Amino acid sequence: MSINMDLVISTSDDSVDMKTGLDTMSGVSGSVQTIAETILLKKAPHRNSGKKKVRTTLKKTFKGSYGQNFSIDVYDDELSKRLRSITRPVFVELISYFFAESLYKESGELSQRASKVVEDLGNEANELVRQLRKSPLNKLHEVSRKFNLEVKVRYKKSRYDQIVLGEFDRSTAEAVDAKKSREQYWINAGISRFNINTGNGRLVVKGHEDTVAFGFAQYKNLTMTAKKVFTENLNFNNGLEVEDYKYFDLWVSPVKLKDGTVVKYMVKGYKID
């Protein structure tokens with residue numbers, strides 16, 4: 001079973017440095033394959049094995065910047081059956097979602113079927129994101145870092161209809177390099193999104209409008225009572241403007257870009273009035 005995709009490196013002369021381009025293509029392959037394997041096997045891969053049940057396959061190139069067709073191919077009856085049950089639209093929705101999560105970007109609201117897949121993955125979803133940041137996304141950004149070129153990964157719904165699953169440039173390369181800070185401090189925030197199965201979500205710091213990713217240093221040790229604090233706050237805030245949110249205090253440690261921009265808060269405690 002195959003899913004057709006392509007990658008486009010935006011360049012004015014339809015060419016790209018060969019070594020850097022190959023590194024980026026390898027990063028795209030590794031990223032997509034890692035996501036696909038995790039979704040289908042329900043476990044994030046930790047090492048490359050010789051025989052793969054899920055592979056990416058190069059197809060013919062095409063004109064227009066530098067374009068390369070490829071496909072995700074599943075060589076296993078049970079995994080093909082799982083892919084069919086998930087459906088192609090949900091599968092590619094999840095690829096886009098995990099790209100966004102790995103880069104601390106806000107993604108669109110997941111469909112009910114896609115949410116169920118993430119729920120079933122549990123902590124493996126967090127491990128997948130960790131694996132993506134560890135290696136594949138670093139390779140994917142080679143042409144962006146060295147030549148300031150933009151890369152797009154697209155799902156080829158048809159010959160004339162492509163859906164962008166991820167866009168990568170120097171700013172997203174910086175996100176991959178974000179580091180945890182030793183700082184710890186209180187913020188007053190409202191929850192705008194929260195996945196009770198993974199512990200990841202997004203929040204709004206009071207006085208701001210943009211959302212920021214958050215997670216927990218030790219989510220597996222968080223009590224159900226504590227989880228309910230976050231879900232109840234989310235339920236209150238749903239559908240409201242940020243000025244009408246209910247806010248509470250969080251003890252956090254930030255994850256920062258080199259310029260000091262916070263892209264994620266690791267929650268270590270909270271207090272409510």
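Which loop does Lys-42 lie in? Select Lys-42 and you land in the loop between H1 and strand E2 (54-63); helices (H or I, at least four residues) and strands (E, at least two) are DSSP runs, numbered from the N terminus. Before going on, note that this is a predicted model, where local features need pLDDT of at least 70 and side-chain atom pairs count only at pLDDT 80 or more, while totals for chains, interfaces and linings use all residues. Residues are numbered from 1 along each chain as its sequence is written, and side-chain values use heavy atoms, with hydrogens and water left out.

Most residues other than glycine have a negative phi. Lys-42 has 42% relative accessibility, so it counts as partly exposed (buried means under 20% relative accessible area, exposed over 50%, partly exposed in between, with a 1.4 Å probe and protein chains only).

Now jump to Asn-148, in the loop between helix H7 (142-147) and strand E4 (151-158). Its phi is near 55°, again a positive value in a residue other than glycine. Asn-148 is partly exposed because its relative accessibility is 49%.

**Stop two: H1 against H3**

Color helix H1 (residues 18-41) and helix H3 (residues 88-102). They pack at an angle of about 120°, with axes 10 Å apart; axes are lines fitted to C-alpha atoms, for helices over the stretch in contact, and angles run from 0 to 180 degrees between N-to-C directions. That makes H1 and H3 oblique to each other (under 35 degrees is roughly parallel, over 145 roughly antiparallel, 65 to 115 roughly perpendicular, and the rest oblique). Their crossing is right-handed, meaning that the near helix is turned clockwise from the far one by less than a right angle, with anticlockwise for left-handed.

Show side chains next. From H1, the contact uses Ser-31, Val-32, Ile-35, Ala-36, Ile-39 and Leu-40, and from H3 it uses Phe-91, Leu-94, Ile-95, Phe-98 and Phe-99 (contact means heavy atoms within 4.5 Å). Ten of these residues are nonpolar, one is polar and none is charged; Ala, Val, Leu, Ile, Met, Phe, Trp, Tyr, Cys and Pro count as nonpolar, Asp, Glu, Lys and Arg as charged, and the others, Gly among them, as polar.

**Stop three: H3 against H4**

On the H3 side pick Val-90, Glu-93, Leu-94, Tyr-97 and Phe-98, which meet Arg-113, Ala-114, Val-117, Val-118 and Leu-121 of H4. By class, the contact has eight nonpolar, no polar and two charged residues.

**Stop four: two buried strand residues**

Go to Gln-68 in strand E3 (residues 66-74). With a relative accessible area of 5%, Gln-68 is buried. Follow its side chain to the backbone oxygen of Lys-59, 2.4 Å away. Beyond neighbours within four places in sequence, the contacts of Gln-68 include Met-5, Leu-7, Met-25 and Phe-62.

Finish at Gly-190 in strand E7 (residues 185-194). Buried or exposed? Gly-190 is buried, because its relative accessibility is 0%. Outside four places in sequence, its contacts include Leu-203, Val-204, Asn-233 and Tyr-245.

How values were computed
Polar contact = N/O pair within 3.5 Å; in protein donor to acceptor, adjacent residues only side chain to side chain.
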